[in-house]
Amino acid sequence: MTLQTLRLSDGQQISYLEVGQGEPLILLHGVGMCAEAWGPQIAHFAKTNRVIALDMPGHGLSDLLPGQPELTDYVAWAAKTLRQLGCSFVNVAGHSMGALIAAGLAVDHPDLVLRLAVLNGVYRRTPEARAAVQARAAALANGANDIDVPLTRWFSDSAADQIVRAQVAGWLKTVNLQGYAAAYRAFANGDMAYAEAWPKIQSPALVLTASGDANSTPAMAKAMAKAAPMGQAVVIEGHRHMVNLTAPAQVNAALATWLAVPLLAAKKGMRA
């Protein structure tokens, strides 16, 4: 499996990993990460699905979006990319910023999304939490990139977590800072973009987080799942923000159960 690139109709380049055959499973990573951050999920689901992990704009070899993009611009980018890749109906899973994009796809492009999985997503931040994340966005825009700040939030001091932390630190050290700052700004301002639209999501929706995730809290996950007509919340105990890497077996099991959820008749007709 190698990183591939595609030139979109508007001239933008995207990079992505693709492996496997079957019903498409699209993976959208978080700010500062890359397609490889889904490694355990790519390896597991390549046996049953066509897995495509996209590099977000300004990450990996994907071009930046112009100007100061908002969350809706990232959603439009994802929809355009999927259509050009020939993905008509997909299961889409996003982590953190990717979770916001995935939810936006389910709202703005319901014809594309069969099932939605939101991992460690944010929803209706408190004023204090919003102020903190916007302050970090401003710091990144000014060129500051203290990677120990997010890493300390994302990982415990356990030996297992520290191994994964070193890998994630490598990605943060090599990220395009302009792309990182642009995406983080959209992430900081994006928790309310689709908050009112969750009742409109007709796809089976898995909302998963970890008990120790201070910013993507279990309360947020449960609120999103409750708002969605076909929502289910899963909280993995004893882990933090990068739970897909620190508890891959549990995350993969939850995703496998989600992928087996029957579709509504309308969705079945779309896929046929």
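Student: How do the residues lining the second largest pocket divide into nonpolar, polar and charged?
Tutor: Bear in mind that this is a predicted model. The pocket holds about 200 Å³ of space, and 14 residues line it. Sorted by type, they come out as 10 nonpolar, three polar and one charged.

Student: Which helix gives the most to that lining?
Tutor: Two helices, α4 and α7, each supply at least two residues of the second largest pocket's lining. Among the residues nearest the centre of that pocket are Ala 181, Ala 182 and Arg 185, and α7 spans 177-189. With four residues in the lining, the top contributor is α7.

Student: And for the largest pocket, which helix supplies the largest share of the lining?
Tutor: This pocket has a volume of about 390 Å³ and a lining of 25 residues, with Val 133, Arg 153, Tyr 184, Phe 187 and Asn 215 nearest its centre. α4 (127-141), α5 (148-154) and α7 (177-189) each put in at least two residues. The largest share is four residues, and they come from α4.

Student: How many charged residues are in the lining of the largest pocket?
Tutor: Arg 153 is one of the residues nearest the centre, and Arg counts as charged. Across the lining there are 14 nonpolar residues and seven polar ones, and the charged count is four.

Student: Turning to the core, which residues touch the most other members of the largest nonpolar core?
Tutor: Nonpolar side chains in soluble globular proteins tend to be buried together. Here the largest nonpolar core has 72 residues. A separate, second core of 23 residues includes Val 51, Ala 93, Leu 206 and Leu 208. Leu 116 has contacts beyond four places in sequence that include Val 92, Ala 102, Trp 198, Ile 201 and Trp 258. In the 72-residue core, the members touching the most others are Leu 116, Val 168 and Trp 198.

Student: How many disulfides are there?
Tutor: A disulfide needs two cysteine sulfur atoms within 2.5 Å. The sulfur of Cys 34 has its closest cysteine sulfur 20 Å away, in Cys 87, so that is too far for a bond. Cys 87 is in no disulfide either. The count is zero.

Student: Is Cys 87 buried or exposed?
Tutor: Buried means under 20% relative accessible area. Cys 87 has 2% relative accessibility, so it counts as buried.

Notes. Residues numbered from 1 in each chain as written. Predicted model: local features only at pLDDT ≥ 70, side-chain atom pairs only at ≥ 80, totals over all residues. Heavy atoms only, no water. 1 Å grid on protein atoms, 1.4 Å probe; cavity = no way out; pocket = protein on both sides within 12 Å on 5 of 7 lines; lining within 4 Å. Points joined across faces, edges and corners; volume = space filled by probe spheres on them. Core = buried A, V, L, I, M, F, W, Y, C linked by side-chain atoms within 4.5 Å. Buried < 20%, exposed > 50% of the residue type's maximum accessible area, 1.4 Å probe, protein only. Contact = heavy atoms within 4.5 Å.
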